Amino acid sequence: MTKIVIAGAGYVGLVTGVCLAEAGHKVTCVDFIEDKIALLEKGISPIYEPGLNELIRKNMNADKLSFTTDYKNAYCDADVIFLGVGTPENEDGSANLNFIYTAARQIAETITHDCLVVIKSTVPMGTNDKVEVFIKNHLQHKVKVEVASNPEFLAQGTAVRDTLHASRIVIGVESEQAKQVLTAIYAPFNQPILTMSRRSAEMVKYASNDFLALKISFINDIANLCEAVGANIEEVTTGMSYDARIGDKFLNPGIGYGGSCFPKDTKALHWLSEEEGYVLRTVKAAIEVNEKQKFKLMKKARKDFASFQGLKIAVLGLTFKPGTDDLREAPSIPNIRLLLNEGAQVYAYDPIGVENFKKVYPTGVVYEETPEEALEDADLCFIFTEWEEIKTMDMKVFREKMKTPFVYDGRNCFSLTEAKAAGINYQSIGRPEVKAAAVVEQVKV
Ligand code: UGA
């Protein structure tokens, strides 16, 4: 049986490891964070991801999945080592490959057995080539090593489903042997396997993420113009989506894309293209539109309120998107910073993200258990994440609970008809403003 080891038990590594075990392989996940491994050894996932905990326990019980901090023991006789370590953003926007090279050095110094190293982490074009040379240069034993690229396309909140039912598996290899090993590993998944060069595989990942980011920024740009010319973005996207070449996915306007991938991957590709002497104008535009879009609700609220100082502000939704407790690049963070700096009192609700948000703001924000509690006596409300718990609220609650029901919705959670019927002042993205006559009289400017 192929001995598979995963380096890095974060989103990518952990989900990959668990799903490979679910597909029938024997897998060991390695991470240097002891607390994380201790939790996993008890069958508890350190991240919130639907279905993940169940699969961890199931495969541990079936003796197909184990966790360790002892990388030497895990790597030494591995047949295949997947790298799922983080590649965060450097100050200048480039990708930070420190974790990749640390793992590569540990692998080189430890393996006593021929091994295929598979890079799952998102890395700039040419990294697979460089890592292969690096490992070969640092080998301590006479063994054969090859590096293959196998980018992942899972989205947070649907990571298990995306892995078990992926649209495609991309494999970048430079030898028939590596192709065969990876094809055999992925055979049980029964998904289309696309084999190509390592550099093309690396590029597929960036190009896919940057295209999706561009799609979001484009629709946000159009939504902003809709507001200026009196059109409704929902009607516009519906009209566009009937063209199969455009489709109806990733056309939801909002306060910009966040998370650990799009912001980092757009900047990394833009940085890399400049290094190569080419300006990737479309990606640059996507980044610029997104930066501005984050503060779109503040701009709207400032037209109604001269200052936020001393106001009670309800914030519904903290995470960068629903279905995850991840706050990386969440628009809520810079917006709440701005509100607190201006002396507002912030009362926040999020169904899952509060514990993580407390690490960002241990003080200064009041965390509430329900949207109703956050809205109690509030002067205005911002909606930053489209959680089901928020989208399914009866809009009358805003009128009943708030002191002055001014609602700024960054994710178009509610229909304009509902907002009108609720008698509140409601502003969203790319759609006409709803004004409630009785409320407008109370404007505090
Ligand atoms: C993204 C990609 O969707 C995955 O395919 C990819 O594998 C992953 O990055 C990665 O590189 O690891 P993720 O960051 O989890 O996944 O989240 P998405 O669901 O793509 O959403 C990203 C951001 O775009 C969120 O802030 C979301 O609110 C925003 N978004 C998404 C919109 O504003 N409008 C949309 O129509 C769709």
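Phe308, Phe382, Phe384 and Tyr408 form one aromatic cluster in this predicted model, where rings of Phe, Tyr and Trp (its six-membered ring) count as a pair if their centres lie within 6.5 Å. The model is a prediction, so to speak of local features pLDDT of at least 70 is needed, side-chain atom pairs count only at pLDDT 80 or more, and totals for chains, interfaces and linings use all residues. Residues are numbered from 1 along each chain as its sequence is written, and side-chain values use heavy atoms, with hydrogens and water left out.

A pair of aromatic rings is described by the distance of the centres and the angle of the planes. Planes under 30 degrees apart count as stacked, over 60 as edge-to-face and the rest as tilted.

Phe250 lies in the loop between helix H10 (233-241) and H11, while Phe262 is in helix H11, so their pair ties together parts that are 12 residues apart in sequence. Helices here are DSSP runs (H or I, at least four residues), numbered from the N terminus. Phe250 is partly exposed, with a relative accessible area of 37%, whereas Phe262, at 12%, counts as buried; buried means under 20% relative accessible area, exposed means over 50%, and partly exposed lies in between, using a 1.4 Å probe and protein chains only. Phe382 and Phe384 are both buried.

Helix H11 (residues 262-275) also packs against helix H12 (residues 281-293), and their axes come within 9 Å and cross at roughly 140°. The axes are lines fitted to C-alpha atoms, for helices over the stretch in contact, and the angles run from 0 to 180 degrees between N-to-C directions. H11 and H12 are therefore oblique to each other, given that angles under 35 degrees count as roughly parallel, over 145 as roughly antiparallel, 65 to 115 as roughly perpendicular and the rest as oblique. On the H11 side Thr266, Lys267 and His270 meet Val283, Lys284 and Ile287 of H12, where contact means heavy atoms within 4.5 Å. The residues of this contact of H11 with H12 divide into 2 nonpolar, 2 polar and 2 charged.

Ser273 is also found in helix H11, and this residue is buried, with a relative accessible area of 8%. Leaving out residues up to four places away in sequence, Ser273 touches Tyr278, Val279 and Leu280.

Elsewhere, H1 and helix H3 (residues 52-61) pack at an angle of about 50°, with their axes 10 Å apart, which makes H1 oblique to H3. Leu14, Val15, Val18, Ala21 and Glu22 in H1 meet Leu52, Leu55, Ile56, Lys58 and Asn59 in H3.

Val18, which lies in helix H1 (residues 11-22), counts as buried at 0% relative accessibility. Not counting residues up to four places away in sequence, Val18 touches Leu52, Leu55, Ile56, Asn59 and Leu65. The C-alpha atoms of Val18 and Glu369, which are 351 residues apart along the chain, are separated by 32 Å.

Note on methods: Helix = DSSP H or I, 4+ residues; strand = E, 2+ residues; numbered from the N terminus. Nonpolar A, V, L, I, M, F, W, Y, C, P; charged D, E, K, R; others polar.
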